[in-house]
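Open the model in your viewer and keep the selection tool ready. This tour goes stop by stop.

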Amino acid sequence: MATAGKVITCRAAVAWEPNKPMVMEEIQVAPPQAEEVRIKIVASAVCHTDLYHLFERMHKDGFPVVLGHEAAGVVESVGPGVTEFQPGDHVIPLFVSQCRECRFCKNPKTNQCERGWAAERYDVMAATESRFTCRGKKVLQFMGTSTFSEYTVMNQVSVAKIDPTAPLDKVCLLGCGVCTGFGAAVNTAQVEPGSTCAVFGLGAVGLAAVMGCQFAGAKKIFAVDVNPEKFEKAKVFGATDFLNPKDYDRPISAVLAELTAGGVDFSLECVGNVEVMVIQCEGLGGQCAGRMDDVATRPIVLIAGRTWKGSLFGGFKSKDGVPKMVQAYLDKKVKLDEFITHNMSLEQINEAFEVMKQGKCIRTVISVSPQ
């Protein structure tokens, strides 16, 4: 391409400081260096983790930054030593790397990797090095991805090549939320056919967990949320029963125990709330995927035999798992379209965040640049 080897000036939404709206800017994106790939981002969904960094965690060293990590695009150019990708490849950026060479990548029991942004500054959610500049200042790359930009540069260990026939404005959801929830049920919890499950929280991750439970053959799936308006959507993904904790004067764990003659077989917490994690663990056991807060429970809960697990990116080995999920979507084995409630332009990014804050969306897909 004509831009190969050159600095690209493009549009991006820059978060200059915490707890402030993002600003549409022209940024400079440097060419890819050794083992790096420069990607033209076509579509990027808005995930709560982006909102969390900007409005909730607000780490002082994490700004200025370009947010966004759930996306899909097309390779524009590659750096020296890149053999897996070439210009024109359709790809999904990955916030979880897979080098396939480190001891973790070679271990089938984990999807951790020694390479990638998380190895350096996990608390900041951005590495110190970046290919972005704006107004003469370095701009950080969020979670190694930064997809609220027309172009981004990533290490090849954090990019998955996908089927070019897949619609990028749909499969972008597989970059985070859908794989996280679906995989938590299928990979981490290993939900069994004929089992009874409970899913706490019916955002995108929770609905994907419901879909994963159904995919795994669960016979009964309780969808638990304080917003009953989400129940109809949960039914689309396979939920069979619906519970609003506000409707009861006793813990929802006790309600579930009564309805299931002792408790469900698998429980998945998809809110990211410590109190909910404790409730679902102490009452039921199960999987937890939460935020960076302290959590505690009584030892007897675990001594009694419950297993409490965390699930990062649904346990998927990223470069291997994402293309398979894309194929599963193309084969109509998993849903994606049904998660999308809003479509907006990059210029509407702050509006998209507000819609998420108000709980009015499942996923908003941002059109970043034309394909």
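A salt bridge here is a side-chain nitrogen of Lys or Arg within 4 Å of a carboxyl oxygen of Asp or Glu. Keep in mind that the model is predicted.

**Stop 1: a charged pair**

Select Arg11 and Glu347. Their side chains meet in a salt bridge, with N to O at 2.1 Å. Because the cut-off is 4 Å, the 2.1 Å pair counts. Now look at where the two residues sit. Arg11 belongs to strand 1, while Glu347 lies in the loop between strand 17 (340-345) and helix 11 (349-357). The pair links distant parts of the chain, 336 residues apart. How many salt bridges does a search of the whole structure find? The total is 19.

**Stop 2: strands 1 and 2**

Strands of a sheet pair through backbone hydrogen bonds, either parallel or antiparallel. Select residues 8-15, strand 1, and residues 23-29, strand 2. These two run antiparallel and share seven bridges.

**Stop 3: on to strand 7**

Click Gln28: Thr133 in strand 7 is its bridge partner. Then click Val29, whose bridge partner in strand 7 is Phe132.

**Stop 4: the barrel**

Zoom out. Which order do the strands of the barrel follow? Five strands close it in the order 1-2-7-8-4, and the pairing is mixed.

**Stop 5: two domains**

Color the chain in two parts. Domain 1 covers 8-177 + 314-367, and domain 2 covers 190-310. At the contact, domain 1 supplies 13 residues and domain 2 supplies twelve.

The size of an interface is often given as the accessible area lost when the parts come together. Here domain 1 and domain 2 bury about 1,300 Å² between them, and 72% of that is on carbon and sulfur atoms. Select Lys335, Phe339 and Ile362 in domain 1. These residues lose the most area to domain 2, together 38% of what that side buries.

Next, select helix 1, residues 48-57. With three residues, helix 1 gives the most to the side of domain 1 that touches domain 2. By type, that side holds six nonpolar, one polar and six charged residues.

How many salt bridges are counted between domain 1 and domain 2? The count is zero. Across the interface there is one residue pair in polar contact, both at pLDDT 80 or more.

Terms used. Residues are numbered from 1 along each chain as its sequence is written. This is a predicted model: local features need pLDDT of at least 70, side-chain atom pairs count only at pLDDT 80 or more; totals for chains, interfaces and linings use all residues. Side-chain values use heavy atoms; hydrogens and water are left out. Domain bounds come from an automatic or database domain assignment. Contact means heavy atoms within 4.5 Å. Buried area is the accessible area (1.4 Å probe) that two parts lose on being put together, summed over both. A polar contact is a pair of N or O atoms within 3.5 Å; within protein, one must be able to donate a hydrogen and the other to accept it, and residues adjacent in sequence count only if both atoms are side-chain atoms. Helices (H or I, at least four residues) and strands (E, at least two) are DSSP runs, numbered from the N terminus. Ala, Val, Leu, Ile, Met, Phe, Trp, Tyr, Cys and Pro count as nonpolar, Asp, Glu, Lys and Arg as charged, and the others, Gly among them, as polar. Two strands pair if DSSP finds at least two bridges between them.
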